[in-house]
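Try each task yourself before reading its solution.

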Amino acid sequence: RFSGCVRPLITFALLVCMTAPSGSAVAEHGQLQLQNGKLVNDRGSAVRLRGVSLFCSQWSTQFWNEDTIRWLCEDWKITVVRAAMGVECGGYLENPDIEKQRVQEVVSAAIRLGIYVIIDWHDHHADQHIDGAAAFFDEMASRYGRFPNVLFETFNEPEHQSWSDVIKPYHLRMIAAIRMHTPNLIILGTRTWSQDVDDAASDTIDEPNIAYAFHFYAATHKDALRKKVADALSRGVAVFASEWGTCAADGNGAVDIQETHEWLSFLEKHQISDVNWAINDKLEAASALRPGAHPRGSWGESDLTQSGKLVRGSLRGTWNIADASVGAQDVVPLPVVSEHRACLLRNRWTGSVLCATLDGSLAAQRDDSSDRSLSMWSFAQGSGVWTRVANKALLGLNLNLVIDFRGVALMRVDDDWSSAKWRLEVVDDGHVILWNVWKPKFALNLSADQQQVTTCEIERDWWSAMWKLEPLSEDEVM
């Protein structure tokens, strides 16, 4: 397929390996390939890459720079970094040049530092963007295919599309685009958010240097998924854990230390390369960094979340479950007052306060209501980094996202309703955004007419979705 370009590519790759920084992963391992379902280096010795993934490029741009990658390489001892380029929701489809520039900065940094890098088309609906994806991978493979550092992940997490009828044909199109330029490793996303790797193993793609992705989150995916992976391995296919987390699949909840230990032991036993999600300071359990961590590395212990400490320790070979308190939670403190007191929620855009009505609906109005208790809100933190939001006047009711995903109301809810759980993300000047756990892209927002309070997909710079928590004194609450 490469016609006469194979030998020049291999020769160039050898030169790159020779010029990679001494002691770096690429200097040591060079051009990676697959043999009998295992990743090996240019001398045929087994290789296991370990590293981290950057968060979606359109939402965590501050960490997409060479200084961050250098710190991860030198301090965290990563041998691979994943450039998770966002596609939808303000990503590549809307801003292709900006997103490509971010990817290129990370890839160039990885090449200079001598580590491997995964160019990830981070999309759940890539089969709907097939022409754009093919053009992207053709360009990236043409630009970087001669470097042994660069790997490709063509479809981050398919959802419920058919493997044989939809996902596999998509991958074949991407492979054709990439293979015009390079023999480098390609990682293929599998069905059900890259969990059904066993399905792919029963209908493989007959191409060299192809690995199948599986993703896991320790608190959600346990023995059942490990059995799927073991089944795929038994069929002789190569697998790659190109995304995994220490917590639940929605990125929240507590860090599951015991299950994380089970997974890390499984990966080590089978010599499976892995990439942890994610280098970001978003207020959620999966983030490696606490809010406000420096965007260019040089992080101390106080900058790391429990997940970040665990992952860094694992990469450095210093983390031991015997030293961890199983079940302990290093929860990022929510910027809220005690559940026994109350506060106002003041909208940044209008200065009006969030107010309940007696029928349980919400409005925003000036805080001179005759019944001010309808404007008083309390918070009860649950497991991980979510909270319930209650009104002081309407006892027993909690703020809940209703079934159409748009409306929000005070309702009696069951303990397991994630629609009544909210994550508070700190933005600037003491304001927060209230994200719904059930529909994590939806946040509490003041409508354009400045009257209705709803939920919708927002941009992080919308003042209409920012609320300032103003604690009330005991006298005011009484």
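**Exercise 1: a strand and its surroundings**

Find how many residues of strand β15 (residues 386–391) are buried.

Solution. Count as buried any residue under 20% relative accessible area (1.4 Å probe, protein chains only). In this predicted model, 6 of the 6 residues of β15 are buried, and the strand is mostly covered. Next, take the two faces: in a regular strand the side chains alternate between the two faces of the sheet. Trp 386, Arg 388 and Ala 390 lie on one side, Thr 387, Val 389 and Asn 391 on the other, and both faces are covered. Finally, look for the neighbour: β15 runs antiparallel to strand β18 (residues 422–426), joined by 2 bridges (strands pair if DSSP finds at least two bridges between them). There, Arg 423 is the bridge partner of Trp 386.

**Exercise 2: two helices**

Describe how helix α9 (residues 223–234) packs against helix α10 (residues 257–269).

Solution. Start with the geometry: the angle is about 5° and the axes are 12 Å apart. Angles under 35 degrees count as roughly parallel, and α9 and α10 are therefore roughly parallel to each other. Now list the contacts (heavy atoms within 4.5 Å): Leu 225, Arg 226, Val 229 and Ala 230 in α9 meet Glu 259, Glu 262, Trp 263 and Phe 266 in α10. By class, this contact has 5 nonpolar, no polar and 3 charged residues.

**Notes**

Residues are numbered from 1 along each chain as its sequence is written.

Notes: This is a predicted model: local features need pLDDT of at least 70, side-chain atom pairs count only at pLDDT 80 or more; totals for chains, interfaces and linings use all residues. Side-chain values use heavy atoms; hydrogens and water are left out. Buried means under 20% relative accessible area, exposed over 50%, partly exposed in between (1.4 Å probe, protein chains only). Helices (H or I, at least four residues) and strands (E, at least two) are DSSP runs, numbered from the N terminus. Axes are lines fitted to C-alpha atoms, for helices over the stretch in contact, and angles run from 0 to 180 degrees between N-to-C directions. Angles under 35 degrees count as roughly parallel, over 145 as roughly antiparallel, 65 to 115 as roughly perpendicular and the rest as oblique. Ala, Val, Leu, Ile, Met, Phe, Trp, Tyr, Cys and Pro count as nonpolar, Asp, Glu, Lys and Arg as charged, and the others, Gly among them, as polar.
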